[in-house]
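Student: I am new to this structure and would like to learn how to read it. Can we take a few features in turn?

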Amino acid sequence: MSEYIVEMKNITKRFPGIVANDNISIQIKKGEIFALLGENGAGKSTLMSMLFGLYEPDEGEIWIRGEKVKIDSPNFATRLNIGMVHQHFKLVENYSIAENIILGLEPIKKYLGLFPYVDIKGASKDIGQLSRKYGLEVDPHKKIEDINVSLQQRVEILKMLYREAEILIFDEPTAVLTPQEIDFLLDIIEELRAGGKTIILITHKLEEIKRIAYRCAILRKGKLVDVLDVKTSSTREMASLMVGREISFKTEKKPAEFGDLVLEVRSLSVKNSDNFDLVRDVSLRVHEGEVFAIAGVSGNGQVEIADAIAGLTDIYQGQILLNGKDISSYSIRKRTLEGISYIPEDRQSYGLILDFSLAENLAMKDYHREPFSNGGLLDRDVINQYGNKLIDKYDIRSSQGIRTQVRQMSGGNQQKAIIGREIELQSSLMIFVQPTRGLDIGAIENIQRMIIEERDKGKAILLISLELDEIMNIADTIGVIYNGQIQKIASADSLTTKEVGEFMMGVTA
Amino acid sequence: MSEVKQERKSKNLSKRVILNILGNDKWQYLTIPIFLILLSFVVASIIILLLGKNPLLAFFNLLQGAGIMPKPSYGGYKSILTDFLTLLNFMTPMIFASLAVAIGLKGGLFNIGVSGQMLLGGYFATVLIGYSNLGSLVAKPLVLVIGLVGGASLGGLIGFLKYRFNINEVVSSIMFNYIIQYVLSFFIHTRYIDPVSRQSRYINPAARLTLVNVERFGLRMDLPIGFIIAIVLAIGLKFFLDRSRIGFEIKAVGANPKAAKYAGIKVGKTLITTMALSGSLAGLAGASYYLGYFASIQPRVLPSMGFDAIAVALLGNNNPYGIIASSFIISIIEKGSTYMSSIAGVRQEIASVITGLILLFSATNVYIQHKIRASKDRLQEDLGRELEE
């Protein structure tokens with residue numbers, strides 16, 4: 001028997017207009033943590049989808065435990081003890097945790113040896129044991145819609161373990177988690193490995209690889225660039241191999257030159273439908289040529305501030321002034337026309353209409369005005385030309401150009417489309433919420449550079465981010481939010497990362 | 001070995017033919033529904049065979065009854081042309097009603113209240129214009145306008161209830177269906193009833209949207225004016241959805257209301273507009289049903305056409321042109337059934353069974369698409385392997 005548990009030999013997979021995987025060969029040892037590193041669209045997920053039977057390779061062979069196999073369905077992959085946690089979880093929202101875990105493998109018992117029924121009680125007990133064994137405590141009776149993302153991920157992991165998976169594939173598992181949750185997850189992964197499992201980790205976060213992976217395969221544009229021993233390689237080396245050029249971890253920027261006051265928020269309060277205060281008495285000012293960043297742990301009201309300024313959320317109290325004009329009572333569209341661009345946190349449910357074409361999405365905020373529409377009729381030619389212009393200008397990659405359904409584009413390119421669209425609005429204020437979430441280093445660098453460029457053009461930038469590095473990197477002024485209240489506003493130079501971190505946790509100086 | 005290969009090849013051949021026809025992505029929107037309709041007729045044939053009748057004859061009788069194929073003999077003043085015109089007359093409200101469902105679905109709303117909106121539009125048109133002495137040139141347009149306004153106001157109200165009080169449109173539509181059915185029955189029974197037919201009194205012919213018993217070429221035929229309007233409207237609706245600003249907004253709200261709101265579209269207003277448009281089409285369906293195909297209203301009965309329209313719209317893939325085609329097919333089956341039962345001795349209800357089968361199979365459209373894509377991939381692999389061998 002071969003020393004490798006998984007061998008993928010000369011794998012090629014083509015999609016219309018693109019070669020997703022080009023002659024890739026990797027070998028994975030039993031009991032190791034093997035990382036797949038690459039930018040968005042480099043072909044990591046495609047490669048693993050073939051291992052999990054979601055696609056079949058056009059060319060090449062897959063060998064599992066020294067035997068050649070043809071994995072034509074996830075069911076077959078499961079039979080080979082391969083499990084996968086997808087980036088977007090595949091759970092039934094209104095089923096309980098236990099029901100989700102046993103789905104497809106329901107333990108059947110019979111009343112009086114005659115009438116079959118699903119033994120949910122027994123299953124719950126098994127799941128309880130399983131979760132205690134691996135330190136993944138869950139309440140099997142809770143419904144998926146009632147638990148948070150991190151717990152949902154646990155359910156996905158338990159689902160694999162319940163199916164006795166030995167080879168565990170994690171697709172970008174930390175993209176949706178907070179720093180503490182990431183720590184926890186990485187510990188769990190290490191524990192699973194110690195328990196004899198083989199782990200394949202798809203990621204573009206170098207620190208994670210450095211922390212737990214043994215070896216790391218680097219993919220770029222569908223090709224395998226190198227397989228590195230993580231211990232003996234530097235993150236810088238990995239990053240440059242991944243992007244194909246040297247990466248500067250620090251964004252170059254000129255000192256800020258503040259101009260006129262653009263945005264003024266005066267004692268803003270926002271309540272949710274249960275009358276609970278999400279934002280309390282927040283005041284802030286953003287000038288031309290200033291990046292004002294709101295730092296804070298997720299869920300402390302920062303997104304609600306952005307929504308309130310853009311008009312997506314009703315405000316309870318306070319005023320929002322744009323260029324000296326009170327826009328508190330304006331509609332969303334009127335605010336956009338007054339000069340607000342908004343890159344929302346959730347690009348797939350707010351930023352884009354996934355079933356519409358790329359051209360339509362790029363014109364989503366302009367379609368109603370001339371020359372995009374005349375006398376109530378859309379001008380498809382203008383919309384298409386505009387789409388092509390933005391595709392060129394912002395390097396938005398897709399398989400069929402303006403006609404591409406946005407759903408089929410990679411996350412990074414979806415984000416480029418949104419940012420391009422919002423920059424083209426030429427607004428005086430640009431709000432970025434988590435603009436680099438889930439993106440790879442190359443894309444992050446690119447987007448941060450664009451933000452600085454817009455600042456240098458004299459735009460006022462309001463940046464909301466959970467990544468402290470990002471805030472320290474590009475902000476001119478930092479406001480730290482905790483529990484809906486601004487704890488501290490100061491120029492970025494006068495604060496250290498440690499201080500910001502303390503304010504974020506509600507430690508008052 | 002060679003035998004096995006031979007067998008595989010011949011198996012592949014039939015598969016290849018089917019895949020070649022259905023596998024072409026460009027034409028799939030046409031080929032798959034046609035394939036599914038044929039499939040339904042195959043299943044219907046089996047049922048008719050089990051009843052001991054000849055299915056081909058029965059289907060031929062359907063076409064004869066609907067005026068597509070000539071009957072062996074016709075009564076006085078009748079011919080294949082008069083039968084065909086009757087078919088179009090029946091098809092007219094079906095097109096309107098299905099368009100009403102389709103525009104709702106495009107906007108993310110399920111208008112299950114088309115029947116109620118038809119009845120309301122038809123009732124007002126009947127009472128206000130149908131029983132008046134207005135001349136034909138004034139009455140006919142007014143019938144259309146009043147039908148449209150009647151349906152639109154009810155549709156708009158349902159949209160408003162959803163927007164203002166977050167009442168699901170399915171629930172309120174169904175409730176309104178009952179309210180309208182019984183309230184209007186009360187008025188028909190107490191004020192407009194014809195004691196012999198137990199229906200509302202016949203309307204003044206000047207107000208009728210179908211010209212009845214027009215004598216031409218030695219025939220007496222029914223000319224459905226509404227049919228032309230329905231076709232024009234279907235084309236107009238296609239243009240509206242593809243090219244107009246409001247059409248774009250309706251589709252955006254239907255596809256993703258959150259993103260539509262973020263982009264600055266007034267979601268509530270769009271919901272109300274969508275329902276009002278859907279209701280107005282349903283109102284036109286009511287006008288052409290009660291003041292075109294019939295000339296009176298049967299109290300205490302909701303037109304089943306309003307529910308059939310849901311299926312017709314789905315069969316037509318919510319595309320106005322597709323709906324013209326699917327209305328045509330379903331109308332043939334419904335209209336030809338009387339003749340089929342009298343000639344072939346197959347019970348009239350078999351027509352409903354065929355319709356039901358078509359709708360059942362058409363619901364599998366997406367599944368078939370998926371299956372074809374999968375087997376296309378597999379076939380290509382097999383071919384590749386054969387070449388290697």
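Student: In which crossing does H5(B) pass H7(B), left-handed or right-handed?

Tutor: A crossing is left-handed if the near helix is turned anticlockwise from the far one by less than a right angle, and right-handed if clockwise. Here H5(B) passes H7(B) in a left-handed crossing. Before going on, note that this is a predicted model, in which local features need pLDDT of at least 70, side-chain atom pairs count only at pLDDT 80 or more, and totals for chains, interfaces and linings use all residues. Residues are numbered from 1 along each chain as its sequence is written, while chains are lettered from A and ligands numbered from 1 in the order in which they are written.

Student: At roughly what angle do the axes of H5 and H7 of chain B cross?

Tutor: Axes are lines fitted to C-alpha atoms, for helices over the stretch in contact, and angles run from 0 to 180 degrees between N-to-C directions. For helix H5 (residues 114-130) and helix H7 (residues 169-192) of chain B, the axes cross at roughly 25° and come within 8 Å. That makes H5(B) roughly parallel to H7(B) (angles under 35 degrees count as roughly parallel, over 145 as roughly antiparallel, 65 to 115 as roughly perpendicular and the rest as oblique).

Student: Which residues make the contact?

Tutor: Two residues are in contact if their C-beta atoms, placed from the backbone, lie within 7 Å. Those of H5(B) include Leu119(B) and Tyr123(B), and those of H7(B) include Phe176(B) and Ile180(B). By class, the contact of H5(B) with H7(B) has eight nonpolar, five polar and no charged residues (Ala, Val, Leu, Ile, Met, Phe, Trp, Tyr, Cys and Pro count as nonpolar, Asp, Glu, Lys and Arg as charged, and the others, Gly among them, as polar).

Student: How many helices and strands does chain B have?

Tutor: Helices (H or I, at least four residues) and strands (E, at least two) are DSSP runs, numbered from the N terminus. Chain B has 15 helices and four strands, and its C-alpha trace spans about 85 × 65 × 35 Å along its principal axes.

Student: How many residues does each chain give to the contact between A and B?

Tutor: Chain B gives 14 residues and chain A gives 21 residues. On the chain B side, helix H9 (245-255) and helix H10 (257-262) each supply at least two residues.
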